[in-house]
Amino acid sequence: MSSRSSSQNYESGKTKKVVIVGGGLVGALNACFFAKRGFQVEVYEARKDIRTAKDVRGRSINLALSYRGRQALKAVGVEDQVIYKGIPMNARMIHSLSGKKSSLPYGKKGQYILSVNRADLNRELLFAASQYPNVKLNFEEKLQHYSVEKGLMTFIRPDSSTFEVSHDLVVGCDGAFSTVRKQFMRQPRFDYSHVYIPHGYKELTMPPKNDDFAMEPNFLHIWPRNTFMMIALPNLDKSFTCTLFMPFEEFEKLTTGDEVLQFFKKYFPDSIPLIGVEALKWDYFRLPAQAMISVKCSSYHIGTKCVLMGDAAHAVVPFYGQGMNAGFEDCIVFDELMDQFNNDLSKCLPEFSRQRVPDDHAISDLAMYNYVEMRKHVNSKWFIFRKYMDNFLHFCLPNTIVPLYTMVTFSRIRYHEVIKRNQWQRKVINSMLLVIGVITTVTGTMILFKYLPKSLHTMKLLNWNSGFQ
């Protein structure tokens, strides 16, 4: 075993060394935050450098960037670069089975979520981190073992050689199947659970048409079909990335290209000419259906030596578009706590767990709920009526009534407070509707009784007169 020295003179021992495990979105952003504070930062990523790799493999291509994530990017000075490479989506575009399209705005005028490419965003953040002289990026070096007690981490290279790294703080940003989190499993009173939902997903590509977008570009397109759905997000090259979400057993029923085509003719007929028959058949079988996992744990820290962020702490299903945004918010919340406690990790880490655990559990639950909303509720006229009513009341009472989606997507109200506030608002609005219903019924009844005797008298006269004709 070779040893990578960590005894360098970082300002005569004053500068602490932060090791970030995972060079994905949250890890790269964290490197910028810690570097800005003057820490010596080392990032270790098991995969190849995405900035130079020709073949980029990984998770879903598209992400929806919203206010929480943008605030974190703004704090390290990269928001403008990211926005420039994204496409605004102002509303949902609902595709009915008949092919009819209708839009549901996400919020008030000027509010939108941003369709961004995962790989491009990761490159941008790694480039930003590399500009700090106190950041070192390491690729194809995978964490093999971590001992909190000894304060040592063992990494392995592609040639199977290993080396040890010491640290003052470890930040685990290594995803839903985190190696860093395994150390937490050995700690007493550490709660952990993960759930695979029974639905999977496949990604398809809708190419440009006549050198332009095949559909309206500034929308998140949804084909809701109650027990499953398809969505499409726009890309800068004028294509759309379509994602089919469906129970695994439904995926398994489609075993041939013709069966896939018949399925799409039945449920998504308007998408076939836009994707292309042969492309659809090929794309569908290119990869197996991918699983989706929800991870909850508590707490997020061990002493003053280690903290989890992003999917390592709270992997969520993608249906609220908040997985990345919640991970980015982890970064800015931790940075704000470092300001509050003057970089005192002994105070910052436990407070980070105290704040973020209830919030991240809340967004996990909201994401599960939003899948039902996207694939089913958007077909309901009552649901659409309530959406418009919520927006109208928000317009009239902007500080009292705030739609659930607006709180989650266009504010930094804490996620768990969003749920509490939404529950209160629903009671208020339901009470208002009940009062309006009662008033309408009583008023209608009074009018009916006021004019009914006259109407009956008139009818009697008419009937009496008709007897002489």
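How are helices α7 and α9 oriented to each other? They are roughly perpendicular, a term that covers angles of 65 to 115 degrees.

## Basis of the report

This is a predicted model, in which local features need pLDDT of at least 70 and side-chain atom pairs count only at pLDDT 80 or more, whereas totals for chains, interfaces and linings use all residues. Residues are numbered from 1 along each chain as its sequence is written, and side-chain values use heavy atoms, with hydrogens and water left out.

## The chain as a whole

The protein chain contains 15 helices and 21 strands. Helices (H or I, at least four residues) and strands (E, at least two) are DSSP runs, numbered from the N terminus. Of its 469 residues, 50% count as buried; buried means under 20% relative accessible area, with a 1.4 Å probe and protein chains only.

Contact means heavy atoms within 4.5 Å. Among contacts between residues at least 6 apart in sequence, 71% join residues at least 24 apart.

## Helices α7 and α9

Two packed helices are described by the angle between their axes and the distance between the axes. Helix α7 (residues 257-267) packs against α9 at an angle of about 115 degrees, and the axes are 9 Å apart. Axes are lines fitted to C-alpha atoms, for helices over the stretch in contact, and angles run from 0 to 180 degrees between N-to-C directions. The crossing of α7 and α9 is right-handed, meaning that the near helix is turned clockwise from the far one by less than a right angle; anticlockwise gives a left-handed crossing.

On the α7 side, Gly 257, Asp 258, Val 260, Leu 261 and Phe 264 take part in the contact, and they meet Val 277, Leu 280, Lys 281 and Tyr 284 of α9. These residues comprise six nonpolar, one polar and two charged. Ala, Val, Leu, Ile, Met, Phe, Trp, Tyr, Cys and Pro count as nonpolar, Asp, Glu, Lys and Arg as charged, and the others, Gly among them, as polar.

## The six-stranded sheet

Which strands form the open sheet, and in what order? The six strands follow the order β7-β6-β16-β17-β18-β15, with mixed pairing; two strands pair if DSSP finds at least two bridges between them. Strands β7 (101-105) and β15 (199-206) stand at the edges with a single partner strand each, so one side of each has no neighbour in the sheet. On average, neighbouring strands are turned by 25 degrees against each other, direction ignored.

Within this sheet, β17 (residues 229-234) and β18 (residues 240-247) run antiparallel and are joined by six bridges. Ile 231 stands opposite Thr 243 in β18. Helix α9 (residues 277-284) lies across β15 and β18, at about 145 degrees to β15.

## Strand β13 and its partners

Strand β13 (residues 169-172) is covered on both faces: Leu 169 and Val 171 on one side, and Val 170 and Gly 172 on the other, are all buried. Strand β2 (residues 17-21) runs parallel to β13 and is joined to it by four bridges; Val 21 has Gly 172 as its bridge partner in β13. Strand β21 (residues 306-308) also pairs with β13 in the parallel sense, over three bridges, and Cys 306 in β21 is the bridge partner of Val 170.

## Helices α2 and α11

The axes of α2 (residues 67-75) and α11 (residues 323-340) come within 8 Å and cross at roughly 40 degrees. The two helices are therefore oblique to each other, the term for angles that are not under 35 degrees (roughly parallel), over 145 (roughly antiparallel) or 65 to 115. Their crossing is left-handed.
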